[in-house]
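I opened this notebook to record what I looked up in the structure below. The entries follow the order of my reading.

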Amino acid sequence: MKKISKPTYAIPAEQAWAAAQAAFRINGNRYVKINDGENVRPNKEIMLEILTQTPEQMVDQDHELASACRQRLGSEISLRLLKGQELGEWHQIQARICTLEIITTAYDLAVLASFPNSYNKTLARDQVQDRLRECEDVAVGAGRVNLSVEVVDCFYSNQWDCWYTRAIDQANRAVTFAYREQVKPGTCLDIVGTVKGFDNRISRLNRVRVLEQEVVA
């Protein structure tokens with residue numbers, strides 16, 4: 001059987017990054033990896049079409065955001081290396097693509113299509129950290145406490161099979177606790193829990209029970 005050669009390209013990196021940003025914008029600021037049955041095209045497909053057929057779909061804002069995205073993702077890699085952290089497979093790929101000036105493979109284009117989404121997640125993490133840094137440097141109390149909080153972050157731990165939630169109470173004090181289900185940022189909760197420790201402006205709670213939840217629209 002005759003081997004089918006993979007397509008190759010010679011696309012300037014600046015154009016490729018801008019096309020990735022344009023595809024992300026066109027898809028409603030979300031990343032679609034494959035056709036999910038919602039009649040939404042994958043970002044990589046839109047990106048390739050822009051690069052090869054409709055470059056006029058790229059606007060100035062796409063170029064500006066693409067430059068910021070490339071700089072930030074590259075800086076994250078540099079920071080990891082300065083801290084002596086070993087790069088995993090994904091970050092090695094990210095580091096390599098960030099340094100390319102010409103994109104030549106379909107694989108690199110497909111990976112690059114996901115970078116605007118990674119950048120948006122990075123900006124969201126920045127906002128969370130900014131809010132937590134502005135919290136009062138004081139614990140929410142001692143022993144069993146009742147609090148009304150707004151969730152600012154929630155992420156899943158494979159190791160402990162639970163969702164770790166970070167929230168801020170009405171006195172601008174931060175808390176973190178484990179919960180059995182994901183809670184959307186912006187959700188307001190009335191909770192009761194036990195204070196187990198305090199460091200870095202965050203009170204650690206356990207045995208948390210949600211008394212009331214106001215769902216974010």
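I first looked up strand β6 (residues 188-199), which is joined to β7 by ten bridges, the two running antiparallel. The model is predicted, so local features need pLDDT of at least 70 and side-chain atom pairs pLDDT 80 or more, while totals for chains, interfaces and linings use all residues. Residues are numbered from 1 along each chain as its sequence is written, and side-chain values use heavy atoms, without hydrogens and water.

I noted the terms: strands are DSSP runs (E, at least two residues), numbered from the N terminus, and two of them pair if DSSP finds at least two bridges between them.

I found Cys188 opposite Glu214 in β7. β6 and β7 form a hairpin with two residues between them; Asn200 in the turn has a positive phi of about 50°.

I then turned to strand β3 (residues 143-157), which pairs with β6 in the antiparallel sense over eight bridges. Here Ser148 stands opposite Asp190 in β6.

Which strands make up the closed barrel? I recorded five, in the order β3-β4-β5-β7-β6, with mixed pairing.

I noted that Arg209 lies in strand β7 (residues 202-214).

Technical notes: Helix = DSSP H or I, 4+ residues; strand = E, 2+ residues; numbered from the N terminus.
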